[in-house]
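Hi,

Here is the structure I promised to pass along. Have a look at it first, and then read on for what turned up.

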Amino acid sequence: MKLIPIALILSVCLTPAVATAQETAPEVDEAPSLMERGARLFMRGIMEEMGPTLKELEGLAQDVSPAMKNFARNMGPALRDLMTEVEDWSVYDAPEILPNGDILIRRKPDAAPMDRPPPKDGEIDL
């Protein structure tokens with residue numbers, strides 16, 4: 001018999017504590033703040049504006065991909081050799097395309113002389 005009044009007293013005493021604990025629970029169920037809502041709206045607007053452009057860019061990338069792969073396959077070794085040959089690109093002017101299609105990359109006139117070994121017999125030093 002004593003158990004029922006003790007349970008009743010405990011439930012009455014603990015009810016406010018449970019209610020208080022629910023009120024101070026982590027803010028999981030609360031609505032987002034004004035800053036969060038603003039950021040979400042901003043990002044949604046950007047995605048809506050950029051969506052069509054990104055789709056076009058994706059299509060362009062798919063169109064250009066075979067040409068880029070072909071370029072890398074054909075020119076990759078030559079570019080790798082050129083990169084090992086040139087130590088400092090800042091001593092060169094911008095490339096110049098001649099009317100016949102040749103491309104010249106000239107050294108700047110004020111660039112320091114190159115440290116090159118003398119040409120071997122039969123080679124031409126350009």
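How much space lies in the largest pocket? About 360 Å³, going by this model, which is predicted. The pocket has 14 lining residues, and those nearest its centre are Glu85, Glu87, Arg107, Met114 and Asp115. Sorted by class, the lining comprises 7 nonpolar residues, 6 charged ones and 1 polar one.

Now for the overall layout. The protein chain holds 2 helices and 2 strands, and their order from the N terminus is α-α-β-β. Of the 126 residues in the chain, 3% are buried. Among contacts with a separation of 6 or more, 3% join residues 24 or more positions apart.

Where does H2 bend, and by how much? The bend is at methionine 75 and amounts to about 55°. A proline, proline 77, follows within four residues of that point.

Best wishes

Technical notes:
Residues numbered from 1 in each chain as written. Predicted model: local features only at pLDDT ≥ 70, side-chain atom pairs only at ≥ 80, totals over all residues. Heavy atoms only, no water. 1 Å grid on protein atoms, 1.4 Å probe; cavity = no way out; pocket = protein on both sides within 12 Å on 5 of 7 lines; lining within 4 Å. Points joined across faces, edges and corners; volume = space filled by probe spheres on them. Nonpolar A, V, L, I, M, F, W, Y, C, P; charged D, E, K, R; others polar. Bend = angle between axes of the 7 residues up to and from the residue. Buried < 20%, exposed > 50% of the residue type's maximum accessible area, 1.4 Å probe, protein only. Contact = heavy atoms within 4.5 Å.
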